[in-house]
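These are my notebook entries on one structure.

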Amino acid sequence: MKKIVFILITFVAMVSCSIEDSQLDRTIFIPDENDNNLPAYTESGYNVFGAKYERKYFTADKSIVPCKIMYSNGSVRFLLSGVTANSYPQQTMSLTFIFPSEQISDYSGLLLLDKVKVDLSQCVVKMNINGMEKTLNIVKGNLNFKRVQKLCIDDLPNRIILSGTFELQFLTTSEFPEKISDGRFDVGITDMDFYIN
């Protein structure tokens, strides 16, 4: 009987931990009070982002992992993946920001990005729409990590929450600039979303 009770308690503990983690991995969209097509700026790890892209919106989608990060050869690759919302047909879209950084050996090293503001005109930014990737010719822009914090559950590190803003202006093949504005992100990164190459 003691074995059955122990197994039952272990099973309940495992299920509650997996439910807790799956809840933390969800995308939670709380509309901005000034533009309900964008998420409100938060610092709670809601796994959401959004920005205006010309007259469309680039936002996180519940079916796509919103953010992944890779550290490689002295640079961070910060990927935001989602969709162009409020457009027909809806398209998958991602932005990859590549910028120099101090050595990061694991996901908790992302705390180095707290209060870091990146000048995107000095970096590489790639855009991918429906599998077609291009490197953007950046005129100006910035990526601002306003707050980076560690989330612990039961005194154990669970994830790093990165919150901030971004905007950029870039030239297109028609030589007229396009812009992505009012960008904001609030994402939780676990060791499963962080890679070292």
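This is a predicted model: local features need pLDDT of at least 70, side-chain atom pairs count only at pLDDT 80 or more; totals for chains, interfaces and linings use all residues.

**Entry 1, hairpin.** I looked up β7 and β8, which form a hairpin with two residues between them. In the turn, N130 has a positive phi of about 50 degrees. Strand β7 covers residues 124-129 and strand β8 residues 132-135, and the two pair in the antiparallel sense over four bridges. I took strands (E, at least two residues) and helices (H or I, at least four) as DSSP runs numbered from the N terminus, and two strands as paired if DSSP finds at least two bridges between them. I noted that N128 stands opposite E133 in β8.

Residues are numbered from 1 along each chain as its sequence is written, and side-chain values use heavy atoms, with hydrogens and water left out.

I counted a side-chain nitrogen of Lys or Arg within 4 Å of a carboxyl oxygen of Asp or Glu as a salt bridge. The count comes to six. I then looked up K52, which forms a salt bridge with D35, the closest N and O atoms being 3.9 Å apart. K52 lies in strand β1 (residues 48-53) and D35 in the loop between α1 and β1, 17 residues apart. The side chain of K52 also meets that of D182 in a salt bridge (3.2 Å, N to O). D182 belongs to strand β11, 130 residues from K52.

For exposure I used relative accessible area: buried is under 20%, exposed over 50%, and partly exposed in between (1.4 Å probe, protein chains only). D35 is buried at 14%, whereas K52 is partly exposed at 27% and D182 is partly exposed at 36%.

I looked up the largest pocket, which holds about 260 Å³ of space. A pocket here is an open set of points on a 1 Å grid over the protein atoms alone, where a 1.4 Å probe fits, with protein on both sides within 12 Å along at least five of seven lines; lining residues have an atom within 4 Å of a point. Of the 19 lining residues, the closest to the centre are D25, N47, V65, P66 and D193. β11 (177-189) and α1 (2-25) each give two or more residues to the lining, and β11 gives the most, with three.

Note on methods: Grid points are joined across faces, edges and corners, and a volume is the space filled by probe spheres set on the points.
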